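Biologist: I have a chain on the screen and would like to learn how to read it. Please take me through it step by step.

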Amino acid sequence: MKKIIAASLAGALALSVGGCYSPGDRAAGGALLGGATGAAIGAAASGGRAGGTLAGAAIGAAGGAILGAATAPCPHGTYRDYYGNVYCR
């Protein structure tokens, strides 16, 4: 039962951050999703101990925030220079 609840919570969080575009929004959404997923994995790996759950949540939140901010699209589109390099406007 706990696995079903954790999976449905992770799915709901993934859908809730689907429309975020700014790097700050993406970092916050990624931190929420990564923290929840990390807590679920940490709890499963440590047998439900609080230390493993908290460590998984912290690592997941940090990783989710970094990846969320790094994958944010450019807010005003992109352009290519003379050499074909892509830049944000």
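**Reading the chain**

Modeller: Start with the order of elements: from the N terminus the chain runs α-α-α-β-β. That makes three helices and two strands. Helices (H or I, at least four residues) and strands (E, at least two) are DSSP runs, numbered from the N terminus. This is a predicted model: local features need pLDDT of at least 70, side-chain atom pairs count only at pLDDT 80 or more, and totals for chains, interfaces and linings use all residues. Residues are numbered from 1 along each chain as its sequence is written, and side-chain values use heavy atoms, with hydrogens and water left out.

Biologist: What share of the 89 residues is buried?

Modeller: Buried means under 20% relative accessible area, exposed over 50%, partly exposed in between (1.4 Å probe, protein chains only). Here 18% of the 89 residues are buried.

Biologist: How many residues does helix α3 have, and what does it reach from its first C-alpha to its last?

Modeller: The expected span is 1.5 Å times one less than the number of residues. Helix α3 (residues 50–70) has 21 residues and reaches 30 Å, close to the 30 Å expected.

Biologist: Which residues of α3 are buried?

Modeller: An α-helix has 3.6 residues a turn, so residues three or four places apart point the same way. In α3 the buried ones are Gly56, Gly60, Gly64 and Gly68. Down the axis they fall within an arc of 80°, so they line one face of the helix. That arc is taken from the directions from the helix axis to the C-beta atoms.

Biologist: What covers them, and which exposed residues does the face turned away carry?

Modeller: The cover includes α2 (23–46). The face turned away carries the exposed residues Gly51, Leu54, Ile59, Ile66 and Ala70.

Notes. Contact = heavy atoms within 4.5 Å.
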